Amino acid sequence: MRRFWYSLVVALSATAFMMIQSGIFAQHQLPGVQGSPGLEAQKPEGSASVTLTLDKTSLNNGGTVAITGTAPPGRPVYVEVWAEDQVRASRFDSEPDKETGKRPYVLYMTHQMPAMYRILVPKELQGKLDEVKKQGKGWSYSQALKDLDAEAAYSAPAKAKIERYQATLMGSVVGSRGELLPAMDEKENRKRSMQLVKARFRTPGKVFAANVEVKPDGAFAAKLNIDSGSAPGNYRVRAVAGKDASSEPVTIENKIAFPYLYLSNAGTSLNFFGPFLLTLAIAIFGVLMGAGGGFILNPLLVSIWPLPHTIVAGTVMPTVLFSQASGIYNYSKIKFISWKLGVTIGLAMVLGGFIGPKLTELITLDQFKFVFGWILIILAGLMFWQTTSGYLARNKKEQAILREFKKKAEESARRKASK
Amino acid sequence: MVIEFWGVQFKVNVLLGCIGGFLIAVVSSMFGFGGGPFMVPLMTVGLGLPMYVVVGSSLLAIFFNTLMGTARHYQFGNFDLLFFLIMFPAAILAGFIAPQIAKRVSPLVVKRIAAAGLLILAGNLLGLY
């Protein structure tokens, strides 16, 4: 019985709501028809004429949310979804300018890119979306927005504050990001933010889905799928039916719990055991083959999880710091290090280590993978060379001498200690 | 440059060592791996030093690079603490487990498997399949 009353109340209030909505809509239709596109008249009409409701208020590590709502009849409806959590996105612009042919070499960077961003477009546009997907890696987000007629729906990333750095050859050598250029105006910021959306989310499938069903009376329904591994926290959902008509954003919370952890810098949440076991396996294998695990670990990490390559490179590197330091300590105890040689070459390597991390953010993930592919081929060659008979024979002799010297060194260290 | 190591003197081509070390450092800090497997051949084959001189000294040289690379990545905000805390214990644990396994497997077999595995992974990265 109680259920019946609940549903009655819900149904009544929904009906009342819709009546008010359509009533307000009818009132404001008039000025539009009369052809007075005053800003004051359009604004309230816009915010009031589109409604949106979600069937849930929270999710556990992603899931599907049903979106329903109403919009002025006869208009295509777009649904914009973004995470409140913000991450970093950067893009190095080295494409030659279409008019002047000059390469700008400007690094665009923002710390305010939503960790998740998607625009749901009407179902009928699936064909156009497939065309965008067919373009492959060279697709353009701004062109896709135009093709899908979704420019009005694009709002959240456009507000991200973008910094511009003029990179110079000298600056790269010194290892600086370059000169900070003056802030861009709103229009330019919006345009550049679209490029950063592509840089961050990479594929059209991440930022578009064609599943909004619009009925002739303006009622619409859509399914929003938030992937597992998305950022926790609040997500905002907003329906847009043209430039002057949009709903207030509705909030839904995505919760995650252990073993899922959210890497705030990477903007990805993942199962704790995934990277843990992978690192363990690769590091063991790395020790066995006599090469650090980073070679295999880094490309696997960027391939398996949606992690930015900058974060992977910057976080894997320090994991070997301590094993290297303890190795040096052990060798130095028995005086098995030539400090003169190590420091001389080390100074040259410090210089390289100063420049390298700067270059990481100038390349895209695809370039990262491409270069890594060639590095691995060279490494595979080195590994194979170490199994050839000529190398083995030489190595056997070398290892024998190494053991002999090490024994000598250990003995003299012990003697000194006992003295 | 002449270095002395346990009573034996070696002539080292510093220019080659430094240029090679610099290039290895740029690439390894850019892509976030240790440069060991490239440094050792550079010093043994390139500089003609015997293995017993190279093992400790190459580690020292690489440590400079790792330290600097880490600091710079941190400066550019490429470091994720939680991610580090997931991987670091695994790397330490591997350091204890690996020597136990190493006694039982032939390094020759491991290296051949590694070479094959690296080629497969490289093919994937280069988009060959």
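Q: What is the strand order of the open sheet of chain A, and how many strands does the sheet have?
A: Strands are DSSP runs of E with at least two residues, and helices are H or I runs of at least four, both numbered from the N terminus. Two strands pair if DSSP finds at least two bridges between them. Here the open sheet has 9 strands in the order β1-β3-β11-β10-β7-β4-β12-β13-β2 (chain A), with mixed pairing. Its edge strands, each pairing on one side only, are β1 (51-54) and β2 (58-60) of chain A. This is a predicted model, where local features need pLDDT of at least 70, side-chain atom pairs count only at pLDDT 80 or more, and totals for chains, interfaces and linings use all residues. Residues are numbered from 1 along each chain as its sequence is written, while chains are lettered from A and ligands numbered from 1 in the order in which they are written.

Q: Do β7 and β10 of chain A run parallel or antiparallel, and how many bridges join them?
A: Strands β7 (residues 117-122) and β10 (residues 208-214) of chain A run parallel, joined by 4 bridges. Across this pair, A:Val121 stands opposite A:Ala210 in β10(A).

Q: How many residues of chain A are in contact with chain B?
A: Contact requires C-beta atoms, placed from the backbone, within 7 Å. By that test, 84 residues of chain A are in contact with 79 residues of chain B. On the chain A side, α12(A) gives the largest share, 19 residues.

Q: Into which domains is chain B divided?
A: Domain bounds come from an automatic or database domain assignment. Chain B has domain 1 (1-79) and domain 2 (80-129), with C-alpha centres 21 Å apart.

Methods
Contact = placed C-beta atoms within 7 Å.
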